[in-house]
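Here is a short tour of one chain, written to be read with the model open beside it. Let's look at how it is put together.

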Amino acid sequence: MFVCFLFFGFVFGFSETTDSRHFGQGQLGGFPKWRMAGIKRGDHAKFWPQKENRFLSIFTVVTFPNGGCAGASGDNGTCMAARECSARGGQANGQCAGGYGLCCVFMTSCGSTTSENGTYFVNSGYPSSFDGTGSCELTVAKAHPDVCQIRLDFTRFTIAGPEQINHVCNQDQFIVSGGNPIPAICGVNQGSHMYIDAGIGTTNPVKLTFVTSGTPFERMWKVKVTQIPCSTIYKVNNRSRAFTISGNSNGPVNAMVGSGVGPNSCANDWLLVPCASNVGRVQPAQALCTDRICGGTFSAELSMQASSVMSTVKPFRLWFHTDNVEAPLDIGNRGFCLNYIQQPCTNNVM
Ligand SMILES: [Ca+2]
């Protein structure tokens with residue numbers, strides 16, 4: 001089937017090196033590899049520090065923060081007293097705070113609800129695989145009204161992949177509901193992560209659901225669920241200025257395109273989408289398209305107006321080129337993120 005490739009949306013962080021990468025033939029129904037700027041593992045250790053007292057004797061009081069800790073199993077947990085860990089449904093997993101606390105790991109599976117930051121959501125029978133059909137749901141309630149994002153880290157994520165023709169997840173699916181809309185994904189996504197906008201204040205809980213169906217398959221998942229307060233620096237920033245690849249991007253910058261000379265061409269850093277054109281543009285007899293896209297606005301034309309971009313060049317590939325030079329104009333660049341869909345041309349997206 002003849003299909004077009006449609007690119008839209010963004011937020012993608014990157015560390016620049018001299019590089020030219022291509023992101024080819026995306027596995028629709030799989031999940032694009034996202035890297036967000038400014039996020040580190042373990043940042044949840046800064047999550048609402050509290051104090052826990054433990055009395056050793058009448059005269060000695062030892063206090064330690066309920067910070068993040070590395071459990072003996074390698075899983076991350078929260079350092080707390082044994083009785084608190086037990087009361088909150090966690091499992092002690094090694095010591096922390098110089099032996100005065102226990103690293104409390106929260107791990108749960110189908111049909112449960114959690115409000116514990118850093119909970120692991122695993123398949124039934126984990127660490128064994130799961131080869132059944134049905135629906136496995138975790139409800140994530142906010143640990144605090146100030147939470148407005150949830151990060152999912154796919155420590156393990158293997159479920160049946162999409163069908164081979166239209167790449168639709170028609171057997172297994174991982175579905176996020178209750179937050180901002182996210183397409184269902186499937187296949188192998190181990191090592192990837194996902195952010196969910198959970199809204200401000202007390203909102204409906206986010207639900208994470210694995211639906212398994214079809215032929216027998218050895219499935220396994222272990223998803224770390226981290227709750228991110230709105231005020232923290234490790235929250236993914238809003239989508240403004242979310243496409244900034246070249247040019248002085250500390251203020252509004254138009255789209256820059258092509259490899260020519262002049263201030264509006266892409267001579268340093270760029271995305272390359274073969275023969276890209278804006279969706280909705282009335283094409284002249286001689287089709288106009290560009291390859292390189294950079295600047296502060298995502299569009300295949302010189303414009304301050306962002307646009308979805310399409311390409312009909314197969315195989316579908318996306319290159320990202322950088323030149324290892326940031327000063328003076330590229331220092332404020334934040335990178336990019338693209339959503340994409342494969343679109344049958346019978347849909348006439350032109
Ligand atoms: Ca550069």
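Among contacts in the chain between residues at least 6 apart in sequence, 70% link residues at least 24 apart; two residues are in contact if their C-beta atoms, placed from the backbone, lie within 7 Å. Please keep in mind that this is a predicted model: local features need pLDDT of at least 70, side-chain atom pairs count only at pLDDT 80 or more, and totals for chains, interfaces and linings use all residues. Residues are numbered from 1 along each chain as its sequence is written.

The chain has one helix and 23 strands, where helices (H or I, at least four residues) and strands (E, at least two) are DSSP runs numbered from the N terminus. Of its 350 residues, 37% count as buried. A residue is buried if 20 or more other C-beta atoms lie within 10 Å of its own, exposed if 12 or fewer, and partly exposed in between, with C-beta atoms placed from the backbone.

## A five-stranded sheet

An open sheet with mixed pairing is formed by five strands in the order S9-S11-S17-S13-S15; two strands pair if DSSP finds at least two bridges between them. Its edge strands, S9 (107–108) and S15 (193–197), each pair on one side only.

Inside this order, S13 (residues 147–158) and S17 (residues 220–229) run antiparallel and are joined by 10 bridges. Follow Phe 157 across and you reach its bridge partner in S17, Trp 221.

## Around strand S6

Strand S6 (residues 76–80) is mostly covered, with five of its five residues buried. S6 pairs in the antiparallel sense with S5 (residues 68–70) over three bridges, and Cys 69 has Gly 77 of S6 as its bridge partner. The hairpin of S5 and S6 has five residues between the strands, and there Gly 74 takes a positive phi near 100°.

S6 also pairs with S8 (residues 101–105), again antiparallel and over three bridges. Here Thr 78 has Cys 104 in S8 as its bridge partner.

## Two nonpolar cores

A nonpolar core is a set of buried Ala, Val, Leu, Ile, Met, Phe, Trp, Tyr and Cys residues joined through C-beta atoms within 7 Å. The largest has 41 residues, of which Cys 103, Phe 121, Ile 150, Val 206, Leu 208 and Val 223 touch the most other members. S13 gives the most to this core, with six residues. Apart from it lies another core of 22 residues, including Cys 289 and Met 310.
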